Amino acid sequence: MIEKKAFGKVNLGLDIIGQREDGYHLVRMIMQSVDIFDILTFEIIPSKSPDEQTDDNKTGIDEQADKRETERKKPEIIITATNDPTLSLGEDNLIYKACRVLLDRFGIREGVKVTLTKNIPIAAGMAGGSSDCAAALKGVNELFDLGLSEEELRDIGVTLGADVPYCIMGGTALSEGIGEKLTRLPDIPEVVFLIAKPEFGISTKEAYGAFDSIPSAEVIHPDIDGMTEAVKAGDISGITKRLGNVLEQASIPSHPSIEEIKNLMKENGAENALMSGSGPTVFGIFKDSETSWKALDVLRESGLASELFVAGIAKKG
């Protein structure tokens with residue numbers, strides 16, 4: 001059995017600079033892993049014998065029956081969640097897709113059983129699904145000793161989701177293109193994140209669709225270059241004063257509680273606060289843990305957030 005942690009992320013900066021013909025948005029983002037993680041375990045399911053794989057030995061099977069036969073012979077993928085029975089864990093799940101693509105690519109006959117313990121909030125802008133997908137690629141690679149490098153896993157990952165390559169890399173990184181062009185950055189200084197997830201969710205499609213309706217002249221772009229230099233210099237004040245996410249302009253008008261959470265965090269000791277990714281999760285950056293926990297109590301009393309976490313940074317490796 002193999003166990004992998006799938007870390008959540010926040011966006012210290014998120015800018016959208018264009019859109020491809022296929023609909024993908026071109027981005028420039030500063031990504032940061034945080035110490036909130038799902039746990040995935042992987043076990044091999046032994047392959048079935050030929051007798052078990054087929055119901056009979058009929059000849060002259062028509063094309064549709066032959067297709068069903070082929071599907072029956074595919075290695076089995078079983079995913080279970082230990083703490084959230086509401087999760088969809090079928091063929092539309094990114095964990096399933098990650099397992100399937102590697103089993104098919106390498107012609108593996110054994111199946112995979114994946115057990116998921118979910119801790120990252122869902123539909124929260126923290127890349128929980130993408131991180132699980134990345135962990136599945138790593139887990140299956142190790143389980144079957146496939147020998148794929150991180151770069152090869154990232155190349156496969158981008159076919160499954162734009163954030164997956166970053167989630168394979170982890171740590172602090174500049175992400176460009178649709179998310180697949182990654183530049184590793186130094187770890188940011190040790191800080192404490194207070195993370196607040198409101199009761200509602202915002203899908204990536206909803207957030208980017210709302211952004212597309214904003215006139216380009218009205219978009220306030222964050223200083224990603226300045227943020228990058230601040231990260232390289234280990235300048236935490238330079239980082240916090242440059243926090244920015246263009247998707248806030250699309251999401252806050254429809255969900256004003258995002259702004260309320262940001263303001264409460266800043267009023268209670270946060271150096272700054274920002275919506276992460278497509279939202280609605282908000283994170284505040286604090287210099288010490290005690291202040292962050294006091295702010296958490298204030299947010300809990302406000303009723304603005306249904307899930308609250310205090311976490312540190314998660315470094316690469």
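Author: One term to begin with: contact means heavy atoms within 4.5 Å. Helices (H or I, at least four residues) and strands (E, at least two) are DSSP runs, numbered from the N terminus. Buried means under 20% relative accessible area, exposed over 50%, partly exposed in between (1.4 Å probe, protein chains only).

Reader: And the model itself?

Author: It is a predicted model, where local features need pLDDT of at least 70 and side-chain atom pairs count only at pLDDT 80 or more, while totals for chains, interfaces and linings use all residues. Residues are numbered from 1 along each chain as its sequence is written, and side-chain values use heavy atoms, with hydrogens and water left out.

Reader: Start with α3. Which of its residues are buried?

Author: Ile 95, Tyr 96, Ala 98, Cys 99, Arg 100, Leu 102 and Leu 103.

Reader: What covers them?

Author: The cover includes β2 (25–45), β3 (77–81) and β4 (111–117), along with α4 and α5 (150–157).

Reader: What span should α3 have?

Author: The expected span is 1.5 Å times one less than the number of residues. The helix has twelve residues (94–105), so it should span 16 Å, and the end C-alpha atoms are 16 Å apart, in agreement.

Reader: What sits at the start of α3, and what follows the helix?

Author: At the start, a side-chain oxygen of Asn 93 comes to within 2.7 Å of the backbone nitrogen of Ile 95. Gly 107 follows α3, with a positive phi near 60 degrees.

Reader: Strands next. In what sense do β1 and β2 pair, parallel or antiparallel?

Author: Antiparallel, with 16 bridges; β1 covers residues 2–19. Two strands pair if DSSP finds at least two bridges between them. Glu 3 faces Thr 41 in β2.

Reader: How many residues lie between the strands of that hairpin?

Author: Five, and Gly 23 has a positive phi near 100 degrees in this hairpin.

Reader: And β1 with β8: parallel or antiparallel?

Author: Parallel, over two bridges; β8 is residues 244–245. There, Gly 244 is the bridge partner of Gly 13.

Reader: Switching to the core. How many residues are in the largest nonpolar core?

Author: It has 70, and Val 112 and Met 265 have the most contacts inside it. A nonpolar core is a set of buried Ala, Val, Leu, Ile, Met, Phe, Trp, Tyr and Cys residues joined through side-chain atoms within 4.5 Å. Helix α4 (residues 128–143) gives the largest share, seven residues.

Reader: What does Met 265 touch?

Author: Beyond residues up to four places away in sequence, its contacts include Leu 194, Ala 196, Val 282, Phe 283 and Leu 299.

Reader: How many aromatic pairs does the structure hold?

Author: Two. Phe 193 and Phe 283 have ring centres 5.9 Å apart and planes at 65 degrees, so they are edge-to-face. The rule: rings of Phe, Tyr and Trp (its six-membered ring) pair if their centres lie within 6.5 Å; planes under 30 degrees apart count as stacked, over 60 as edge-to-face and the rest as tilted.

Reader: Where do those two Phe residues lie?

Author: Phe 193 is in strand β7 (residues 192–197) and Phe 283 in strand β10 (residues 282–286), 90 residues apart, so the pair links distant parts of the chain. Both Phe 193 and Phe 283 are buried.

Reader: Now Lys 118. Buried or exposed?

Author: Buried, at 13% relative accessible area. Lys 118 is in the loop between β4 and α4.

Reader: Which side chains does the Lys 118 side chain make polar contacts with?

Author: With Asp 38 at 2.6 Å, and with Asp 132 at 3.0 Å. A polar contact is a pair of N or O atoms within 3.5 Å; within protein, one must be able to donate a hydrogen and the other to accept it, and residues adjacent in sequence count only if both atoms are side-chain atoms.

Reader: Then Tyr 166. Where does it lie?

Author: In helix α6 (residues 164–169). Tyr 166 is buried, with 1% relative accessible area. The Tyr 166 side chain reaches the backbone nitrogen of Ser 33 at 2.9 Å.

Reader: Last one: Pro 198. Buried or exposed?

Author: Buried, at 0% relative accessibility. Pro 198 sits in the loop between β7 and α7 (204–212). Setting aside neighbours within four places in sequence, its contacts include Ile 261, Pro 280 and Leu 304.
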